[in-house]
Amino acid sequence: MLDRYFELAESGTTIRRELLAGLTTFLTMAYIVVVNPSILSETGMNWGAVFVATCLAAALGSLIMGLYANYPFGLAPGMGLNAYFTYGVVLGMGIAWQTALGAVFLSGILFLIISVLPIREWLINAIPLSLKMAISAGIGFFLAIIALQNAGVVVNSDATLVTLGDLTAVPTLLAMLGFAIMVALSYREVPGAVLIGILAVSLIGVPFGVAEFDGVVSMPPDPSPTFLQMDVAGALELGLVSVVLVFLFVDLFDSTGTLVGLSHRAGFLDRDGRLGRLRSALVADSGASIGGALFGTSTTTTYIESASGINAGGRTGLTAVVIAVLFLLSLFFLPVVSAIPGYATAPALLFVACMMVRGLAELDWDDITDTGPAVVTAIAMPLTYSIADGMGLGFITYVLGKTLAGKPTAVHPAVWLIAALFALRFAFI
């Protein structure tokens with residue numbers, strides 16, 4: 001039955017190989033059940049409820065991807081998008097987390113509509129590759145500065161905005177050790193490198209009194225503090241239109257780039273570089289975002305860590321179904337998860353940041369009208385502490401640079417529209 005439904009034989013794989021691939025991918029992305037609640041709880045959201053929402057959103061998204069799109073890709077609340085949710089929208093703009101969840105829900109609805117209609121191709125093809133890469137890299141830089149702050153490596157300074165923290169503090173030393181462990185294990189292609197790093201420095205911190213554990217297994221926490229708590233009406237206000245659009249654009253570009261990249265690695269792309277069931281995969285991605293908002297978490301998206309499962313031989317949706325089951329089982333291990341200290345999750349943020357920044361290497365550095373706006377986008381995100389502001393400055397700079405360079409026709413109408421919307425936001429909102 002499994003062979004017929006997932007077309008295992010046709011894809012050149014076996015049940016055993018798919019099970020191993022699902023486990024491998026889960027281990028590489030399981031850190032999100034620790035990191036996501038830690039980030040979103042800073043908004044005032046209940047930690048335990050967000051933990052449940054994270055596991056359920058990841059399980060739902062992976063299940064849809066596996067059963068509907070039949071691809072071996074795992075989904076979970078996206079890194080970068082959760083940071084924007086917390087630090088950019090709720091803490092940065094002073095918006096209630098319920099309203100921010102409403103914005104995530106609306107962006108998911110728009111994403112679903114775009115995925116079904118031809119609008120998707122129009123938007124994706126319109127945004128220049130340089131800005132797509134810059135957005136990913138900028139989010140990486142944004143995550144990096146947050147990680148360094150959480151680790152105590154970087155602290156506030158009235159004179160220089162930021163300065164070096166106390167590197168002799170035990171939590172800071174353990175955070176740096178955790179990052180080194182993740183880098184070393186990843187280089188050696190050890191599955192679950194990030195999760196192993198988190199658990200290792202957490203255990204090392206116990207004798208130093210900076211971490212403590214109390215149990216292993218328990219019943220899942222009460223999900224009601226975040227379940228169905230989104231404020232859609234509040235998110236429809238004019239001032240939040242740009243927030244909804246940022247959630248939409250980042251998820252759209254990130255998920256599309258991730259899907260294409262993973263599909264290339266797995267050999268799913270056709271002769272023209274197109275993914276046969278891209279629409280089904282994007283529908284699964286958007287459906288997961290809608291479901292995640294209902295559960296009470298930030299935008300859910302496809303994870304680049306799925307590459308680890310693909311390398312292990314995963315080729316069908318059975319791999320994604322295995323990932324979904326493992327995330328559901330994670331619900332019963334809250335004591336272990338809740339004991340993970342902040343200094344242990346900080347290196348995970350920094351590690352993911354390093355993975356995202358490498359997109360800058362794909363820029364055409366011979367054309368300053370491309371690379372200039374891209375660099376502005378990337379560095380403006382951490383320096384303004386806002387993904388939205390960084391994107392806005394990047395799009396506006398791109399349009400102005402191309403126009404003044406005598407190449408206004410090189411700018412797609414959609415890019416003009418996006419730049420105009422951001423300009424209006426900066427001027428009046």
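Predicted model: local features only at pLDDT ≥ 70, side-chain atom pairs only at ≥ 80, totals over all residues.

Residues are numbered from 1 along each chain as its sequence is written, and side-chain values use heavy atoms, with hydrogens and water left out.

The protein chain is assigned domain 1 (1–362) and domain 2 (363–428); such bounds come from an automatic or database domain assignment. To their contact, defined by heavy atoms within 4.5 Å, domain 1 gives 29 residues and domain 2 gives 25 residues. The centres of the two domains, taken over C-alpha atoms, are 26 Å apart. The buried area, meaning the accessible area (1.4 Å probe) that two parts lose on being put together, summed over both, is about 2,400 Å², with 80% from carbon and sulfur atoms.

How many salt bridges lie between domain 1 and domain 2? The count is zero, where a salt bridge is a side-chain nitrogen of Lys or Arg within 4 Å of a carboxyl oxygen of Asp or Glu. On the domain 1 side, the largest share of the residues touching domain 2, twelve, comes from H8. Helices here are DSSP runs (H or I, at least four residues), numbered from the N terminus.

Next, the charged pairs. By the salt-bridge rule, there are three in total. Asp 367 pairs with Lys 402, with the closest N and O atoms 3.7 Å apart. Asp 367 is in the loop between helix H17 (342–357) and helix H18 (368–384), and Lys 402 in helix H19 (residues 387–404), so this pair ties together parts 35 residues apart in sequence. Asp 367 also forms a salt bridge with Lys 407 (3.6 Å, N to O), and Lys 402 forms one with Asp 370 (3.3 Å, N to O). Together, Asp 367, Asp 370, Lys 402 and Lys 407 make up a network.

Is Lys 402 buried or exposed? Lys 402 is buried, at 4% relative accessibility, whereas Lys 407 is partly exposed at 30%. Buried means under 20% relative accessible area, exposed over 50%, and partly exposed in between (1.4 Å probe, protein chains only).

Finally, Thr 297 sits in the loop between helix H13 (278–295) and strand E4 (300–302), and is buried at 0% relative accessibility. Not counting residues up to four places away in sequence, its contacts include Leu 40, Pro 77 and Val 104.

Methods. Helix = DSSP H or I, 4+ residues; strand = E, 2+ residues; numbered from the N terminus.
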